Amino acid sequence: MKQIEGIVPVMLTPFNTDNQIDYPGMAQLIEWYLQQGVDALFAVCQSSEMQFLSLQERVELAQFVVKQVAGRVPVIASGHISDAIDQQIEELTAMAATGIDALVLVTNHLDAKNEGSAVFFSTLNTLLDALPAAMPLGLYECPAPYRRLLSDEEFSFCANSGRFVVLKDVSCDLPTVKKRVQLASGTPLNIINANAAIAWPAMQAGSKGFSGVFTNFHPELYHWLYHKGAQQPELAHELSLFLSLSAVTETLGYPKNAKIYHQRLGTFSSEFCRVNKDDVLEKFWGLSVLLDQIHQGTTLWNRKIAG
């Protein structure tokens, strides 16, 4: 069983202007992530626009990522977007067969109507019985269609089951992260925070990395923060301020703004999104300048931490 920890980008899905997945662009994006030193990749997630991909596309996308990565880092994937239990089993079983290193369950599909723990446990146990027992599992408190945070009881059950190896924590709350780190002690479950505002203190508190959307802009800076920040805590704190403020740009048309950023880097050619049809540069008047400033700031910080 591979350890899932460190910097885990929530992968974008490049599309051509004809609305098809741009696989040459995806290959270049994967190589870009790996060149930045990421520790794992999270394919077929919300940033991948999974709610707007067919099951065939989700499966083929995961297979492509696994093949392109070729064992260089672990690959995890989600891809179940349905609420009906038979459809979830179909989606998750198909994803489990793609060669990924861990299969991630989306918490809001375990309790689609937010009815509480009884429904959560009933759905979860049905899925656990249906999925391959040897398949490492993860949990993802995905914000869409609604953010379904785990209760302490639900979290502890999953941690102590021995089947779960990673939680993408979307509580955005440092005390919750700290509590979960304690609850998971002695189990295989790693907590990986997804909120940039608490990225550094969460790492200090025991979060095993970072898996927020700005891993699509400067994952190498988060990599330094996680792996080397403790050696230079004052510099790490200063860097964390830049990372936190940069991440506010998520509200200005993500994931299309991230695709524009990669267009400018030359990673892939189209900003096309299925989830966002807006002209975000027109809608958010200062976005173009902000993206340039994020790139400039990233370059400056790379020089600073290299010195």
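Reader: How far apart are N and O in the salt bridge where the side chains of Arg180 and Asp169 meet?

Author: Keep in mind that this is a predicted model. Arg180 sits in helix H6 (residues 174-183) and Asp169 in strand E6 (residues 164-169), so the pair ties together parts that are eleven residues apart in sequence. Arg180 is buried, and Asp169 is too. From N to O, the salt bridge between their side chains comes to 2.6 Å.

Reader: Which residue forms a salt bridge with Asp101?

Author: The closest N and O atoms of the pair are 3.4 Å apart, and the partner of Asp101 is Lys2. Asp101 lies in the loop between helix H3 (85-96) and strand E4 (102-106), while the partner is in the segment before strand E1 (6-7), so parts 99 residues apart in sequence get tied together.

Reader: Are Arg274 and Glu57 buried or exposed?

Author: As for cover, both Arg274 and Glu57 are buried.

Reader: What is the count of salt bridges by this rule?

Author: Some of them join up: Asp111, Arg148 and Glu154 are linked in a network. By the rule used here, the count comes to 13 salt bridges.

Reader: What is omega for the cis peptide bond that joins Tyr254 and Pro255?

Author: Pro255 is found in the loop between helix H9 (233-247) and H10. The cis bond joining Tyr254 and Pro255 has an omega of about 10 degrees.

Reader: What is the relative accessible area of Glu49?

Author: Glu49 is in the loop between strand E2 (41-43) and H2. Its backbone has a positive phi of about 65 degrees although Glu49 is not a glycine. Buried means under 20%, and Glu49 qualifies because its relative accessible area is 1%.

Reader: Does Cys172 count as buried, partly exposed or exposed, and what is its relative accessibility?

Author: Cys172 lies in the loop between E6 and H6, and it has a positive phi of about 55 degrees although it is not a glycine. Cys172 counts as partly exposed, at a relative accessibility of 38%.

Reader: Which residues does Asn195 touch, not counting those up to four places away in sequence?

Author: Asn195 lies in the loop between strand E7 (190-193) and helix H7 (199-204). At 19% relative accessibility, Asn195 counts as buried. With that sequence limit, the residues Asn195 touches are Cys172 and Phe210.

Reader: What radius of gyration does the protein chain have?

Author: The C-alpha trace spans about 50 × 45 × 35 Å along its principal axes. Buried residues make up 56% of the 307 residues. A compact globule with 307 residues would have a radius of gyration near 19 Å, which agrees with the chain's 18 Å.

Methods
Residues are numbered from 1 along each chain as its sequence is written. This is a predicted model: local features need pLDDT of at least 70, side-chain atom pairs count only at pLDDT 80 or more; totals for chains, interfaces and linings use all residues. Side-chain values use heavy atoms; hydrogens and water are left out. The radius of gyration is taken over C-alpha atoms; the globule rule is 2.2 Å times the number of residues to the power 0.38. Buried means under 20% relative accessible area, exposed over 50%, partly exposed in between (1.4 Å probe, protein chains only). A salt bridge is a side-chain nitrogen of Lys or Arg within 4 Å of a carboxyl oxygen of Asp or Glu. Helices (H or I, at least four residues) and strands (E, at least two) are DSSP runs, numbered from the N terminus. Contact means heavy atoms within 4.5 Å.
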